[in-house]
Amino acid sequence: MRKRPVLTCTLIALCGLIFLTGPASGFLPGYGTGAALQRAQTAYFQRWGVLPHTMWGEAVRPLLTPLTALFLHANWLHLLGNVLFLYVFGGPVERRMGAVRFTLCYLSVGYLAMLCYAVAHHTSDETLVGASGAISGVLGAFLYLHPRARVTSVFPFLLFLPLRFPAWLVLLFWLALQWIAARGDTDGPGVAYLAHVVGFTLGFLYAWLRFRTTTVGTPAPATQGESTP
(Lines give C-alpha, C1' and ligand atoms only; values in the text may rest on other atoms or scores of the structure.)
Protein backbone atom coordinates (compact mmCIF):
# COMPACT_ATOMS: atom_id res chain seq x y z
CA MET A 1 0.00 0.00 0.00
CA ARG A 2 1.43 3.37 -1.04
CA LYS A 3 1.98 5.99 1.63
CA ARG A 4 -0.53 8.83 1.54
CA PRO A 5 1.10 12.14 0.44
CA VAL A 6 0.17 14.07 3.58
CA LEU A 7 1.98 17.29 2.68
CA THR A 8 0.48 17.42 -0.80
CA CYS A 9 -3.01 16.98 0.63
CA THR A 10 -2.27 19.58 3.31
CA LEU A 11 -1.13 22.15 0.75
CA ILE A 12 -4.25 21.55 -1.32
CA ALA A 13 -6.43 21.92 1.77
CA LEU A 14 -4.69 25.14 2.80
CA CYS A 15 -5.11 26.67 -0.65
CA GLY A 16 -8.78 25.68 -0.67
CA LEU A 17 -9.45 26.97 2.86
CA ILE A 18 -7.70 30.30 2.28
CA PHE A 19 -9.58 30.78 -0.97
CA LEU A 20 -12.97 30.00 0.58
CA THR A 21 -12.40 32.42 3.47
CA GLY A 22 -11.12 35.20 1.22
CA PRO A 23 -13.06 37.71 -0.89
CA ALA A 24 -12.29 36.01 -4.23
CA SER A 25 -14.63 33.09 -3.47
CA GLY A 26 -17.63 35.34 -2.82
CA PHE A 27 -18.79 33.01 -0.05
CA LEU A 28 -18.54 35.36 2.92
CA PRO A 29 -21.12 38.17 2.94
CA GLY A 30 -18.88 40.31 5.15
CA TYR A 31 -16.87 41.38 2.11
CA GLY A 32 -19.95 42.92 0.52
CA THR A 33 -21.16 42.66 -3.05
CA GLY A 34 -20.61 44.45 -6.34
CA ALA A 35 -18.13 47.34 -6.16
CA ALA A 36 -17.52 46.77 -2.44
CA LEU A 37 -16.51 43.17 -3.10
CA GLN A 38 -14.15 44.23 -5.90
CA ARG A 39 -12.49 46.77 -3.60
CA ALA A 40 -12.12 44.11 -0.92
CA GLN A 41 -10.52 41.72 -3.41
CA THR A 42 -8.08 44.37 -4.62
CA ALA A 43 -7.06 45.34 -1.09
CA TYR A 44 -6.71 41.68 -0.07
CA PHE A 45 -4.44 40.79 -2.99
CA GLN A 46 -2.37 43.95 -2.59
CA ARG A 47 -1.80 43.13 1.07
CA TRP A 48 -0.89 39.45 0.68
CA GLY A 49 0.14 39.15 -2.97
CA VAL A 50 3.35 40.22 -4.71
CA LEU A 51 3.46 43.83 -5.92
CA PRO A 52 6.74 43.99 -7.88
CA HIS A 53 7.23 47.74 -7.65
CA THR A 54 7.03 47.66 -3.83
CA MET A 55 9.59 44.86 -3.36
CA TRP A 56 12.72 46.99 -3.45
CA GLY A 57 12.09 49.58 -0.78
CA GLU A 58 13.34 49.56 2.80
CA ALA A 59 10.33 47.69 4.19
CA VAL A 60 10.77 44.01 5.02
CA ARG A 61 7.12 42.92 4.71
CA PRO A 62 6.98 42.95 0.87
CA LEU A 63 9.84 40.42 0.83
CA LEU A 64 7.55 37.99 2.66
CA THR A 65 4.73 38.26 0.12
CA PRO A 66 6.22 35.69 -2.33
CA LEU A 67 5.43 33.13 0.39
CA THR A 68 1.94 34.34 1.27
CA ALA A 69 1.05 34.74 -2.41
CA LEU A 70 1.64 31.00 -2.95
CA PHE A 71 -1.60 30.27 -1.08
CA LEU A 72 -3.81 32.85 -2.83
CA HIS A 73 -5.84 32.38 -6.00
CA ALA A 74 -7.75 34.89 -8.07
CA ASN A 75 -10.79 32.76 -8.92
CA TRP A 76 -12.21 29.23 -8.97
CA LEU A 77 -10.58 28.29 -12.28
CA HIS A 78 -7.19 29.48 -11.05
CA LEU A 79 -7.53 27.42 -7.86
CA LEU A 80 -8.85 24.23 -9.47
CA GLY A 81 -6.26 24.24 -12.25
CA ASN A 82 -3.42 24.54 -9.76
CA VAL A 83 -4.64 21.96 -7.25
CA LEU A 84 -5.31 19.49 -10.06
CA PHE A 85 -1.66 19.57 -11.10
CA LEU A 86 -0.49 19.51 -7.49
CA TYR A 87 -2.68 16.49 -6.74
CA VAL A 88 -1.52 14.55 -9.79
CA PHE A 89 2.21 15.24 -9.62
CA GLY A 90 2.75 16.20 -5.99
CA GLY A 91 2.05 12.75 -4.54
CA PRO A 92 4.75 10.85 -6.49
CA VAL A 93 7.29 13.62 -5.86
CA GLU A 94 6.53 13.77 -2.14
CA ARG A 95 6.82 9.98 -1.80
CA ARG A 96 10.19 10.06 -3.54
CA MET A 97 11.58 13.09 -1.69
CA GLY A 98 10.00 12.65 1.71
CA ALA A 99 7.77 15.20 3.42
CA VAL A 100 10.51 17.53 4.69
CA ARG A 101 12.43 17.81 1.43
CA PHE A 102 9.21 18.12 -0.55
CA THR A 103 8.06 21.01 1.63
CA LEU A 104 11.45 22.72 1.34
CA CYS A 105 11.41 22.31 -2.43
CA TYR A 106 7.83 23.57 -2.80
CA LEU A 107 8.26 26.69 -0.66
CA SER A 108 11.76 27.67 -1.74
CA VAL A 109 11.13 27.14 -5.45
CA GLY A 110 7.78 28.93 -5.23
CA TYR A 111 9.38 31.88 -3.43
CA LEU A 112 12.24 32.19 -5.92
CA ALA A 113 9.92 31.87 -8.92
CA MET A 114 7.80 34.74 -7.60
CA LEU A 115 10.92 36.77 -6.79
CA CYS A 116 12.40 36.29 -10.26
CA TYR A 117 9.16 37.43 -11.84
CA ALA A 118 9.17 40.52 -9.60
CA VAL A 119 12.75 41.30 -10.62
CA ALA A 120 11.95 40.96 -14.33
CA HIS A 121 8.85 43.17 -13.93
CA HIS A 122 10.14 45.45 -11.19
CA THR A 123 8.06 48.45 -12.30
CA SER A 124 4.76 46.56 -12.49
CA ASP A 125 1.88 47.56 -10.23
CA GLU A 126 -0.10 44.41 -11.04
CA THR A 127 -0.49 41.92 -8.19
CA LEU A 128 0.89 38.41 -8.59
CA VAL A 129 -0.82 35.54 -6.72
CA GLY A 130 -1.04 31.78 -7.07
CA ALA A 131 0.83 28.55 -6.43
CA SER A 132 1.78 27.96 -10.07
CA GLY A 133 5.47 28.80 -9.60
CA ALA A 134 5.79 26.24 -6.81
CA ILE A 135 3.70 23.66 -8.68
CA SER A 136 5.86 24.17 -11.75
CA GLY A 137 8.77 23.24 -9.50
CA VAL A 138 6.95 20.02 -8.62
CA LEU A 139 6.58 19.29 -12.34
CA GLY A 140 10.29 19.84 -12.87
CA ALA A 141 11.15 17.53 -9.98
CA PHE A 142 8.74 14.92 -11.32
CA LEU A 143 10.48 15.00 -14.70
CA TYR A 144 13.82 14.16 -13.09
CA LEU A 145 12.57 11.67 -10.52
CA HIS A 146 10.13 9.75 -12.74
CA PRO A 147 11.32 10.18 -16.35
CA ARG A 148 9.82 6.86 -17.51
CA ALA A 149 6.34 7.47 -16.13
CA ARG A 150 3.41 7.77 -18.52
CA VAL A 151 0.50 10.15 -18.13
CA THR A 152 -2.97 10.32 -19.66
CA SER A 153 -3.43 13.73 -21.25
CA VAL A 154 -6.12 15.53 -23.20
CA PHE A 155 -5.41 18.33 -25.65
CA PRO A 156 -7.98 20.62 -27.30
CA PHE A 157 -6.31 20.35 -30.72
CA LEU A 158 -6.68 16.55 -30.51
CA LEU A 159 -10.44 16.84 -29.91
CA PHE A 160 -9.94 16.21 -26.15
CA LEU A 161 -9.23 12.53 -26.73
CA PRO A 162 -7.52 10.95 -23.69
CA LEU A 163 -4.14 9.70 -24.88
CA ARG A 164 -1.18 8.27 -22.99
CA PHE A 165 2.22 9.85 -23.45
CA PRO A 166 5.60 9.60 -21.70
CA ALA A 167 5.70 12.13 -18.87
CA TRP A 168 8.93 13.65 -20.17
CA LEU A 169 7.28 14.44 -23.50
CA VAL A 170 4.21 16.06 -21.93
CA LEU A 171 6.23 18.10 -19.44
CA LEU A 172 8.81 19.31 -21.94
CA PHE A 173 6.01 20.27 -24.32
CA TRP A 174 4.36 22.20 -21.49
CA LEU A 175 7.66 23.89 -20.61
CA ALA A 176 8.20 24.92 -24.23
CA LEU A 177 4.75 26.54 -24.30
CA GLN A 178 5.51 28.43 -21.08
CA TRP A 179 8.84 29.63 -22.45
CA ILE A 180 7.28 30.87 -25.68
CA ALA A 181 4.55 32.66 -23.73
CA ALA A 182 7.07 34.10 -21.24
CA ARG A 183 8.89 35.85 -24.08
CA GLY A 184 5.75 37.89 -24.61
CA ASP A 185 5.13 38.62 -20.92
CA THR A 186 4.14 42.21 -20.16
CA ASP A 187 3.67 44.13 -16.94
CA GLY A 188 -0.09 43.90 -17.31
CA PRO A 189 -2.51 41.37 -15.80
CA GLY A 190 -2.37 37.82 -17.05
CA VAL A 191 -0.49 34.57 -16.46
CA ALA A 192 3.02 34.77 -14.97
CA TYR A 193 4.64 32.45 -17.50
CA LEU A 194 8.14 33.47 -16.45
CA ALA A 195 7.42 32.22 -12.92
CA HIS A 196 6.40 28.87 -14.45
CA VAL A 197 9.65 28.56 -16.39
CA VAL A 198 11.79 29.55 -13.40
CA GLY A 199 9.88 27.25 -11.06
CA PHE A 200 10.13 24.26 -13.40
CA THR A 201 13.86 24.78 -13.90
CA LEU A 202 14.58 25.18 -10.18
CA GLY A 203 12.48 22.15 -9.28
CA PHE A 204 14.37 20.01 -11.79
CA LEU A 205 17.72 21.29 -10.49
CA TYR A 206 16.70 20.68 -6.87
CA ALA A 207 15.81 17.06 -7.62
CA TRP A 208 18.97 16.58 -9.69
CA LEU A 209 21.25 17.98 -7.00
CA ARG A 210 19.60 16.01 -4.22
CA PHE A 211 19.00 12.66 -5.97
CA ARG A 212 21.57 12.49 -8.78
CA THR A 213 23.51 9.71 -7.02
CA THR A 214 20.44 7.54 -6.46
CA THR A 215 18.26 5.52 -8.81
CA VAL A 216 15.05 7.18 -9.88
CA GLY A 217 11.91 5.14 -10.29
CA THR A 218 8.57 5.12 -12.06
CA PRO A 219 5.38 5.80 -10.08
CA ALA A 220 1.93 4.50 -10.78
CA PRO A 221 0.44 6.12 -13.90
CA ALA A 222 -0.89 9.61 -13.29
CA THR A 223 -3.73 11.44 -14.97
CA GLN A 224 -3.25 14.97 -16.23
CA GLY A 225 -6.07 17.24 -17.27
CA GLU A 226 -5.95 20.01 -19.82
CA SER A 227 -5.57 22.83 -17.27
CA THR A 228 -2.13 24.27 -16.67
CA PRO A 229 -0.76 25.90 -13.54
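**Figure 1. Leu37 in helix α2.** Leu37 is part of helix α2; helices (H or I, at least four residues) and strands (E, at least two) are DSSP runs, numbered from the N terminus. The model is predicted, so local features need pLDDT of at least 70 and side-chain atom pairs count only at pLDDT 80 or more, while totals for chains, interfaces and linings use all residues. Residues are numbered from 1 along each chain as its sequence is written, and side-chain values use heavy atoms, with hydrogens and water left out. Leu37 counts as buried because its relative accessibility is 18%; buried means under 20% relative accessible area, exposed over 50%, and partly exposed in between (1.4 Å probe, protein chains only). Not counting residues up to four places away in sequence, Leu37 touches Pro23, Tyr31 and Gly32, where contact means heavy atoms within 4.5 Å. Ala24 is 13 residues from Leu37 along the chain, and their C-alpha atoms are separated by 8.4 Å.

**Figure 2. Ser25 in the loop between α1 and α2**. With a relative accessibility of 9%, Ser25 counts as buried. The Ser25 side chain reaches the backbone nitrogen of Phe27 at 3.3 Å. This view uses the term polar contact for a pair of N or O atoms within 3.5 Å; within protein, one must be able to donate a hydrogen and the other to accept it, and residues adjacent in sequence count only if both atoms are side-chain atoms. Leaving out residues up to four places away in sequence, Ser25 touches Phe19, Leu20 and Trp76.

Figure 3. A search of the whole structure finds one cavity of 30 Å³ or more. On a 1 Å grid over the protein atoms alone, a cavity is a set of points where a 1.4 Å probe fits but cannot get out, and lining residues have an atom within 4 Å of a point. Grid points are joined across faces, edges and corners, and a volume is the space filled by probe spheres set on the points. The largest cavity holds about 40 Å³ of space. Its lining consists of Ile18, Phe19, Gly22, Ala24, Tyr44, Phe45, Phe71, Leu72 and His73. Helices α1 and α2 are the elements that give two or more residues to this lining. Seven of the lining residues are nonpolar, two are polar and none is charged. Here Ala, Val, Leu, Ile, Met, Phe, Trp, Tyr, Cys and Pro count as nonpolar, Asp, Glu, Lys and Arg as charged, and the others, Gly among them, as polar.

**Figure 4. The largest nonpolar core around Tyr106.** The largest nonpolar core has 56 residues, and those with the most contacts inside it are Phe89, Val93, Met97 and Tyr106. Such a core is a set of buried Ala, Val, Leu, Ile, Met, Phe, Trp, Tyr and Cys residues joined through side-chain atoms within 4.5 Å. Two or more residues come from each of α1 (6-21), α2 (34-48), α4 (76-97), α5 (99-120), α6 (132-145), α7 (167-182) and α8 (193-211). Helix α6 gives the most, with nine residues. Apart from neighbours within four places in sequence, Tyr106 is in contact with Leu11, Leu86, Ala131, Ala134, Ile135 and Val138.

**Figure 5. His146 in the loop between α6 and β1 (150-153)**. His146 has 5% relative accessibility and therefore counts as buried. The side chain of His146 reaches the backbone oxygen of Pro92 at 3.4 Å.

Notes:
1 Å grid on protein atoms, 1.4 Å probe; cavity = no way out; pocket = protein on both sides within 12 Å on 5 of 7 lines; lining within 4 Å.
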